[in-house]
Amino acid sequence: MWDLLLRGGRVIDPASGRDGTADVAVRAGRIAEVAADLPEDRAVRTVDVGGRLVLPGLVDAHTHVSHSSTYWGVDPESIAWRTGVTTWIDAGSAGAYGLDGLRRFVAEPAPFRVRALINVSGIGLVGRTGEHHVLENLDVDAAVAVAARNGDLVCGVKARMDSQTVGTHGLEPLRRAASLARRLDVPLMVHIGYGPPDLADIAPFLTEGDLITHCATGVAADLVVDGRPTDILRRLHDSGVLLDLGHGSGAFDFDVLEAELAAGMVPLLSTDLHIRSVYGPAYDLPTVMGKALAAGMGLTDVVAAATHRPARAFGLAAGTLAPDATADIAVFEVEEGRFPVVDVHGGTREAPLRLSNTATYAGGRLLAPRAAEPPPVWVPLSSAQQRAEEDRHERIRTAVRRLDRPEDFHEHFPRPATETPA
């Protein structure tokens with residue numbers, strides 16, 4: 001018998017080359033079978049998902065989930081259930097000094113997959129910036145030792161390289177981060193922003209499989225010039241360096257992304273979700289996927305960029321509905337229309353589709369609703385953001401009081417018809 005049968009949805013699984021109407025059967029937390037017209041009498045429980053989109057659980061390659069212990073951390077359990085994200089890659093919240101805490105208090109209790117990029121700085125992101133100002137904290141030997149005993153958690157290395165973060169130390173933090181990544185044999189993700197250092201300075205440290213995050217930021221001077229990717233960006237892309245969107249609060253510009261897409265540079269889609277960007281303009285991964293659609297990416301490419309491509313980049317067994325894969329599944333309503341979306345500078349486009357998550361399964365189990373904690377005191381919300389949060393909390397309370405079927409909770413959280421800048 002199957003534990004669960006999702007019947008009649010449009011299944012898009014780029015890793016398997018599948019796009020069409022099919023049923024998805026789950027047994028013992030794994031995908032048992034994906035095919036049309038599977039027999040309902042073999043399932044303990046059947047859910048009709050006709051007219052909906054059934055995707056592999058989403059993989060967000062750039063998040064900050066070390067909540068209650070870092071400046072940027074956000075609780076992923078209050079977000080995963082309503083967004084379809086079942087794999088969260090924390091991008092450098094913890095270094096050598098804090099990685100055990102990230103494991104104990106976030107990754108191990110989570111009902112879904114949490115992995116981490118270890119920060120080359122031992123202190124990680126306990127502050128807004130400046131983690132590279134004291135080089136004694138960038139102890140590569142210590143980071144190697146901590147990462148080695150957390151090999152199931154650590155899937156990469158992270159370094160923020162901008163003028164505020166590196167201070168007077170220039171490229172030395174990146175030199176140490178690259179050394180750490182090579183010793184661990186994992187990818188290096190490099191944050192770019194206001195230089196120096198600039199992309200040309202960073203390029204010699206990057207190799208095939210490494211990642212540039214914030215690849216569509218509007219503040220890095222040498223990504224796109226006169227509507228075209230620069231020669232240095234082209235050379236990095238051609239050498240196998242991956243581009244990661246990393247939307248965040250200030251790192252997404254439609255013009256930059258569209259120039260990269262026109263040149264055949266298709267990034268991984270990630271949110272850089274943290275305690276500020278979760279209130280806008282990133283919001284969540286389905287919102288970022290909608291913005292990629294608005295920039296001209298096709299639906300299959302968008303799904304691939306938020307599922308198996310980031311999973312493959314970090315060597316994770318995720319992002320697919322292939323038989324025997326972990327049964328991480330995201331179900332969405334899809335509405336066609338013209339939906340305004342914004343970048344961080346107020347630039348607008350119209351998305352042709354709106355994706356609204358109606359159910360998220362991690363290991364075959366439906367994730368139940370969970371309300372978010374109030375933001376910390378260093379994150380003041382605008383009046384509009386505060387009203388939106390109060391409205392969301394009230395809808396959660398109403399749903400919990402009135403509904404018996406857990407999957408029906410999701411029907412109470414339609415995506416807003418329009419977005420406004422944070």
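User: Buried means under 20% relative accessible area, exposed over 50% and partly exposed in between, with a 1.4 Å probe and protein chains only. Which residues of helix H3 are buried?

Analyst: This is a predicted model, where local features need pLDDT of at least 70, side-chain atom pairs count only at pLDDT 80 or more, and totals for chains, interfaces and linings use all residues. Residues are numbered from 1 along each chain as its sequence is written, and side-chain values use heavy atoms, without hydrogens and water. Helices (H or I, at least four residues) and strands (E, at least two) are DSSP runs numbered from the N terminus. H3 spans residues 140-148, and its buried residues are Val140, Ala143, Val144, Val146 and Ala147.

User: At what angle do H3 and H5 pack?

Analyst: Axes are lines fitted to C-alpha atoms, for helices over the stretch in contact, and angles run from 0 to 180 degrees between N-to-C directions. The two axes are 10 Å apart, at an angle of about 35°.

User: Which residues of H5 make that contact?

Analyst: On the H3 side stand Val140, Asp141, Ala143, Val144 and Ala147. From H5 come Arg176, Ser179, Leu180, Arg183 and Leu184.

User: How many residues in the contact of H3 with H5 are nonpolar?

Analyst: Ala, Val, Leu, Ile, Met, Phe, Trp, Tyr, Cys and Pro count as nonpolar, Asp, Glu, Lys and Arg as charged, and the others, Gly among them, as polar. The contact has 3 charged residues, 1 polar and, as nonpolar, 6.

User: How many aromatic pairs does the whole structure hold?

Analyst: Rings of Phe, Tyr and Trp (its six-membered ring) pair if their centres lie within 6.5 Å; planes under 30 degrees apart count as stacked, over 60 as edge-to-face and the rest as tilted. The search finds this number of pairs: 4.

User: How many residues apart are Tyr71 and Trp378?

Analyst: Their rings are stacked, 5.9 Å centre to centre with 25° between the planes. Tyr71 lies in the loop between E6 (58-63) and H1 (77-80), and Trp378 in the loop between E17 (365-366) and H12 (383-402). The separation in residues is 307.

User: Why is the pair of Trp88 and Phe112 called tilted?

Analyst: The ring centres are 6.2 Å apart. The pair is tilted because its planes lie at 35°.

Terms used: Contact means heavy atoms within 4.5 Å.
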